[in-house]
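Please look over the sequence and the structure shown below before reading on. The report that follows takes up selected local features in turn.

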Amino acid sequence: MTYNTHTIKELEEKWQKFWDAQKIFKADQDASKPKYYCLEMFPYPSGKIHMGHVRNYTIADCMARFKMAQGFNVLHPMGYDAFGQPAENAAIKHNTDPAKWTYACMDQMRVELKRMGFSYDWNRELATCDKEYYRWNQWIFTKMMERGLAYKKTSSVNWCPQCETTLANEEVIQDQCWRCKTEVTQKDLNQWYLKITEYNEKLLEDLKTLEHWPSRVIAMQENWIGKSYGVDMYFNVKDAEETITVFTTRPDTIFGATYVVLAPEHPLVDGLIQGSADEDKIRAFIEKVGKESKSLRMSGDQKKEGTFTGRYAINPVNNEAVPIWIADYVLMDYGTGAIMAVPTHDQRDFLFATEHGLAKRIVIQDAKNSDLTEKDMTCAFEEEGALVNSGQFDGVNSRAAIKSIGEWMEQEGAGKMTVHWRLRDWLISRQRYWGTPIPVIYCEACGVVPVPEDQLPVELPQDIKITGEGGSPLAQCPEFVNVQCPKCQADARRETDTMATFFDSSWYYLRYCSAKNDKEVFDKKEAAYWMPVDQYIGGIEHAILHLLYSRFFTKFFKDLGLVDFDEPFVRLLTQGMVLKDGEVMSKSRGNTVDPDSIIARYGADSLRLCILFAAPPEDQLEWNDNAVDGSWKFLSRIWNLVHNRYVDGVDDNITKDQMDQADADLERERNVTIKKVTEDIEKYKFNTAISSMMILMNSVDKYKFAEGSAIKQGILNRVIKTLVILLSPFTPHMSEELWQKFGNKEKSIIASPWPICDEGALKQETVQIIAQVNGKLRAKFQVAASITEAEVKELVLADAKIQSFVDGKPLRRFIFIPGKLANIVI
């Protein structure tokens, strides 16, 4: 039997049916085993899986199967992040119902995922669009309302005119909607928020406990949470009662502040410009900036624009009147929405002041250029130095002055030392149909009323006409909107916004612990057993959005007494993108590769092996069709090895004293491979693990002996069995089939224990030393592993063959690498 397309299709279908029928991957609590919860970020059901899915899920499946073989009780579930705008877009495009389209896509994805042989516990399958799931979204929301963590406010929000919905800051990528790539604008809406800022200290502090997370993810979260120590300074508006509070982390530069800048959205702006000669011009500027996305305004390479209000503020440390400007680069989302500008010591302020002809004053002296004047400056001086032009603080080191000036201003009542956070509360309102309805009722008498628990879920109405225009389709459905108040029974109306889909994915990992539980959000005992997730795998693009929100939800659940841990994910792996011709695979680019076509030709195992061997998981992977062919050829060699050289019934329990040197070398290499593969899988080095098995296979090919040698056949049998077991997390179908050849007719290879390295077998009694003369190979010596450099030198120089090349010439140098090489330089 050859390892061809027909054989592959037959055996892969056979083992997929076997695993399903035997419920091999069904996970239940087992006190006799250590638990291992392996999870990849669940997919949006787009219909067909792509190579990005294949890579992510193959990595997770390899880890899950590896841990099963090591004796862990493994939970490896799968589900679908099924709500969201794409389903509505598809409903409009195909004139169909979002639910029908989504469930059809899930059915197709399930078939394709099973075809890959992934070890999922399908009994725990969930979809966030199931009412059995989003009922608990709504329950969580009402609990947050009870604790003051869910609230409504009017504010300027990111608005996608194409999707006609709001976007969180994280969902705006390069000024565009992360879904449809439409340019984002600003709009004032009354929206629902979650008070994630209540947990900002814990979210920041607990990052220190995440020892097994990539450092760049930790850094991204630290930057997003953005804790800043500084001073709130009070600039009184000249000839008015208003005070502008400015937050700065650089109080040492306050004497150099030559103007103040307000965000266009700042609440004082309207009063400051009212009645001014340039009021119309200023309002036109504010309207223009209001159409720009926040990410564009914050961009460092974008030219900054502003306008003078015609008003002045008083610098609190020197009573100097400085102009008040409005500029696009100042946002209400950070600090107080107002900054003091110090052009000589902040590059952004320097460029803005130069552009608009604003004053500059040096207050930190450059020790290397003490004669530098404001007119000579070509850029801001942002390094440490001694203060000048700073009153009683002249001569003080600028770093030390940060604290001393801050304390002095607080004592004088001119400011207050404080902490500001970049993190803002999480906007979750969306003006669309295909999402979790926000469980709130508005009553004229009772106000904002959460839907009682016994009335959950608030279900999405069926047969809604979705046009993509006019805001939320739910608002156009009177049967949904009109309702009785649960408190007073008077006529009332439902909230018509739905939740952002990141709400759904912020706690699904907990739902998997008891996915069919219809009594509670999740079973506390099941969660206590399985959580936290031991290994989480997904894209780096979720480093801020999803991971931060999941951490927030976990801390909230702990406050509710539902869990006793602080962080949901112990180890995190962020896998790289799959590229084709140097670009990320995309339907719009027309450079996708259909996994089905690869499976049809080579089988799932060859695809799995290829995608794990092609690159380290953290790196981008450039797709190459020829690489799959290489993986198939390697598996064909393994297949032929078992069928042609394995002999059933031969004892493979061979002891060391029965081995000759060739036997001992092969046994040593078998143990080296066990050690290498085991350690590499733990470190996500799947490509080098596969490489080490290829090296062992090459050694097996060189291991020849005469027929009838039971000892040598036993040694070969043991190596072959080891190879098949080591390959089983990577190529499970073929490994199961070959395991049957070893007489395991009733037992899956999954039940076979993972091989353990015999450290004693790694020790070499003899080694081969390569002898060179001037870098050219001249002889080989088999020597004791413990041989010293002096002994090697004496042995090599005494050799007649070596002497013929030395030819009496003086020895200039002797280079020795223990266990490998001796090089004579003449």
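## Charges over rings

Over the face of which residue does lysine 153 lie? Lysine 153 lies over the face of tyrosine 193, at 4.7 Å from the ring centre, where a charge counts as sitting over a ring if NZ of Lys or CZ of Arg is within 6 Å of the ring centre and within 35 degrees of the ring normal. Arginine 65 takes up such a place over the face of tryptophan 19, at 4.5 Å from the ring centre.

This is a predicted model, in which local features need pLDDT of at least 70 and side-chain atom pairs count only at pLDDT 80 or more, whereas totals for chains, interfaces and linings use all residues. Residues are numbered from 1 along each chain as its sequence is written, and side-chain values use heavy atoms, with hydrogens and water left out.

## Aromatic pairs

A pair of aromatic rings is described by the distance of the centres and the angle of the planes. Rings of Phe, Tyr and Trp (its six-membered ring) pair if their centres lie within 6.5 Å, with planes under 30 degrees apart counted as stacked, over 60 as edge-to-face and the rest as tilted. By this rule the count comes to 43 aromatic pairs. One of them is the edge-to-face pair of tryptophan 426 and phenylalanine 552, at 6.5 Å centre to centre and with 70° between the planes. This pair links distant parts of the chain, with tryptophan 426 in strand E19 (residues 426-427) and phenylalanine 552 in helix H17 (residues 545-559), 126 residues apart; helices (H or I, at least four residues) and strands (E, at least two) are DSSP runs, numbered from the N terminus. Tryptophan 426 is buried at a relative accessible area of 3%, and phenylalanine 552 is buried at 0%, where buried means under 20% relative accessible area, exposed over 50% and partly exposed in between (1.4 Å probe, protein chains only).

The rings of phenylalanine 502 and tyrosine 549 have their centres 5.9 Å apart and their planes at 65°, so this pair is edge-to-face. Here too distant parts of the chain are linked, since phenylalanine 502 belongs to helix H14 (residues 501-504) and tyrosine 549 to helix H17, 47 residues apart. Both phenylalanine 502 and tyrosine 549 are buried. Ring pairs link a cluster whose members include Tyr199, Trp426, Phe502, Tyr549, Phe552 and Phe553.

## Nonpolar cores

A nonpolar core is a set of buried Ala, Val, Leu, Ile, Met, Phe, Trp, Tyr and Cys residues joined through side-chain atoms within 4.5 Å. The largest such core has 187 residues, and those with the most contacts inside it are Phe141, Phe553 and Trp623. Helix H2 (residues 51-69) supplies the largest share of this core, 11 residues. Apart from it lies another core, of 39 residues, among them Val231, Met233, Leu272 and Met340.

With contact taken as heavy atoms within 4.5 Å, and leaving aside neighbours within four places in sequence, phenylalanine 553 is in contact with residues including Ile140, Met144, Trp426 and Phe503.

Helix H9 (residues 279-290) has 12 residues and reaches 16 Å from its first C-alpha to its last, close to the 16 Å expected at 1.5 Å a residue, the expected span being 1.5 Å times one less than the number of residues. The buried residues of H9 are Glu279, Ile282, Phe285, Ile286 and Val289. They cover an arc of only 125° around the axis, which puts them on the same side of H9; the arc is that of the directions from the helix axis to the C-beta atoms. On the face turned away from this buried side, H9 carries the exposed residues Asp280, Lys281 and Glu287.

## Backbone features in loops

A cis peptide bond, with omega about 5°, joins leucine 456 and proline 457, and proline 457 is placed in the loop between strand E22 (447-450) and helix H13 (478-481). Methionine 531 and proline 532 are also joined by a cis peptide bond, with omega about -5°, and proline 532 lies in the loop between helix H16 (524-530) and strand E26 (533-539).

Tyrosine 684 has a positive phi of about 65° although it is not a glycine. Tyrosine 684 lies in the loop between helix H21 (661-682) and helix H22 (686-702), and is buried, with a relative accessible area of 9%.
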